[in-house]
Every structure is written in structure tokens, then in C-alpha cells.
Amino acid sequence: MTLRRILPAALACCAVLTACTSHSADGTSGGAPPTSAAATGTPSATASGPAGGDTADPSEPTGTGTGTAAASPAAPAPKRCRTSDLKASLGPDHPGAGQENFALVLTNRSPRTCSLYGFPGVAFVDGAGDAVTPDPERATDQPQQRVTLAPGADAWSALSYTDPAITGVTTVTPQALLVTPPDETTSLSVPWTGGKVSNTGKASVPRVSPLRPGSGA
């Protein structure tokens, strides 16, 4: 082959190589650029939350919905009645079917509203304040309720027992009742006008109910 034919072919090859090198340098041709997260600076498609590691709690509202109004908080219950807020009294007997039935009444004598919940403590005592009978039983089969007492309002507990003359038990005649409001330790004394009461704890045992609104009249 003569030099005249080789030289034009060599120049053509150099031109082709120069064009290829120029396109690779400026990135306008050749293979597609890498698209991995490391190359682009964007989070990988497998990330579990936003960049920075914060993960939204799906149980929390996002602020994009209409939402619902929060319920108004319930008004707090009045503070409980203390012994010093109350006075105690004994309603008249309402006998029936061999039963003696009295109402133990607690009246709010304070200038503030207060509340009672549960059973009053009750003890039959002599003139010296000593118990002369076993403690009355509680009517735990009856529901308890919170009783809110405005100034001057009443709550009452039913005090009931079978006439001791029917059961034939030995008896005693108390001088007073000591009535203790629920959750208190100081008692109120009430004269006892109901006559004889069983002192055995075996029959005709007095029973008291949970406090309820009203005077029991």
C-alpha cells in the first residue's frame, strides 16, 4: 500500500477518536449517568421515613383533615363533705311487716357545696359514748352513688332491723347514735329515740344503706 492511501485513512481514524473523547468529557453522550442515592444525593426508594431519620407516627393527626372538636372536660366533683360541714338527725320510725325503719339524715350546714359517697358509719352507744351493740351491717347489695349537697340539702341512709320482740333476742336501749360521714373519722352524736335494739349480733341486726339524696321522709 502506498503512503498516499495510508495517510488519509489514519487522519480519518484520529478524527473519529477525537469526537468520541469530546462527548465523554461533557456528558452529553455515552451511557446513562448513575441514578443511585449516593450519586444523586436523594434518599433511597427503600427509606422508611423522611431524610434525617424522623418517622411520622401514623396514629397522630397530620393536620390535613378536618378533625373533630375536643370534648369539653367534665366539671370536677365537689370536694367531699367533712364532719364539720354536716349535722345529723334521725327521722321517725316507719314500721312495716315486722321491720323498724328509720332515716339517718345528714344535712349540709356549710356555705359551700360538697358531696358524699358510700355508707355512713353508725354505732349505738350509751351515755358515756361506749358501743352497746355490734356494728350495724352494710347493705352492700344496694348501689352506691355520689350525692352532691348544696348548702342546706340532705342525704339519708335507711336504718332497718327486725323488731327484736319477734326474734326473741336480748336487747339494750342505747342513749345515742354516733354517725360518721363517709371517709371521715369524727362522728356526730344523735339522740336515739327508737327504743330497744338487739345486742347479740345474731338476729334483728340493724342494717344501713348507702347514702342517697333527700331526707327519707
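Trainee: What pLDDT does the protein chain average, and what share of the residues score at least 70?
Mentor: This is a predicted model, and a reading of it begins with the confidence of the predictor. Over residues 6–69 the pLDDT is below 50, although this stretch has 15 contacts in the model beyond near neighbours in sequence. Where pLDDT is low, the predicted coordinates should not be read in detail. For the protein chain, the average pLDDT is 78, and the share of residues that score at least 70 is 65%.

Trainee: How many helices and strands are there in the protein chain, and what percentage of its residues is buried?
Mentor: The secondary structure of the protein chain comprises three helices and 13 strands. Among contacts in the chain with a separation of 6 or more, 76% are between residues 24 or more positions apart. Of the 217 residues in the protein chain, the buried ones make up 27%.

Trainee: Which residues have the most contacts inside the largest nonpolar core?
Mentor: The largest nonpolar core has 24 residues. The elements that give two or more residues to this core are β1 (86–90), β2, β3 (114–117), β4, β6 (146–149), β7, β9 (176–180) and β10. Inside the core, the residues with the most contacts are Leu-104, Leu-116, Leu-159, Leu-177 and Trp-192.

Trainee: How many aromatic pairs does the structure hold, and is the pair of Phe-102 and Tyr-161 stacked or edge-to-face?
Mentor: The structure holds three aromatic pairs. In the pair formed by Phe-102 and Tyr-161, the rings are 6.3 Å apart centre to centre, with 20 degrees between the planes. Because planes under 30 degrees apart count as stacked, the pair of Phe-102 and Tyr-161 is stacked.

Trainee: How many residues apart in sequence are the parts that the pair of Phe-102 and Tyr-161 ties together?
Mentor: Both partners are buried, Phe-102 at 6% relative accessibility and Tyr-161 with a relative accessible area of 2%. Phe-102 lies in strand β2 (residues 99–108), whereas Tyr-161 lies in strand β7 (residues 154–162), so the parts that the pair ties together are apart in sequence by 59 residues.

Trainee: What is the geometry of the ring pair of Phe-124 and Trp-192?
Mentor: Phe-124 lies in strand β4 (residues 121–125) and Trp-192 in the loop between β10 (188–191) and β11 (197–198), so this pair ties together parts that are 68 residues apart in sequence. Phe-124 and Trp-192 are both buried. The ring centres of Phe-124 and Trp-192 are 5.1 Å apart and the planes stand at 90 degrees, so the geometry is edge-to-face.

Trainee: Which residue has its charged end over the ring of Trp-156, and at what distance from the ring centre?
Mentor: A charge counts as sitting over a ring only if NZ of Lys or CZ of Arg is within 6 Å of the ring centre and within 35 degrees of the ring normal. The residue with its charged end over the ring of Trp-156 is Arg-212, at a distance from the ring centre of 4.9 Å.

Trainee: Which residue of β9 is the bridge partner of Gly-121?
Mentor: Four of the five residues of β4 are buried, so this strand is largely enclosed by the rest of the structure. Strands β4 and β9 run antiparallel and are joined by five bridges. In β9, the bridge partner of Gly-121 is Thr-180.

Trainee: Is Asp-183 buried or exposed?
Mentor: Asp-183 is placed in the loop between β9 and β10. Its phi is near 65 degrees, a positive value in a residue other than glycine. At 62% relative accessibility, Asp-183 counts as exposed.

Trainee: Is Ser-204 buried or exposed?
Mentor: Ser-204 is in the loop between β11 and β12, and although it is not a glycine, Ser-204 has a positive phi of about 55 degrees. With a relative accessibility of 6%, Ser-204 counts as buried.

Terms used:
Residues numbered from 1 in each chain as written. Predicted model: local features only at pLDDT ≥ 70, side-chain atom pairs only at ≥ 80, totals over all residues. Heavy atoms only, no water. Phe/Tyr/Trp six-rings, centres within 6.5 Å; stacked < 30°, edge-to-face > 60°. Buried < 20%, exposed > 50% of the residue type's maximum accessible area, 1.4 Å probe, protein only. Core = buried A, V, L, I, M, F, W, Y, C linked by side-chain atoms within 4.5 Å. pLDDT = per-residue confidence, 0-100. Contact = heavy atoms within 4.5 Å. Pairing = 2+ DSSP bridges.
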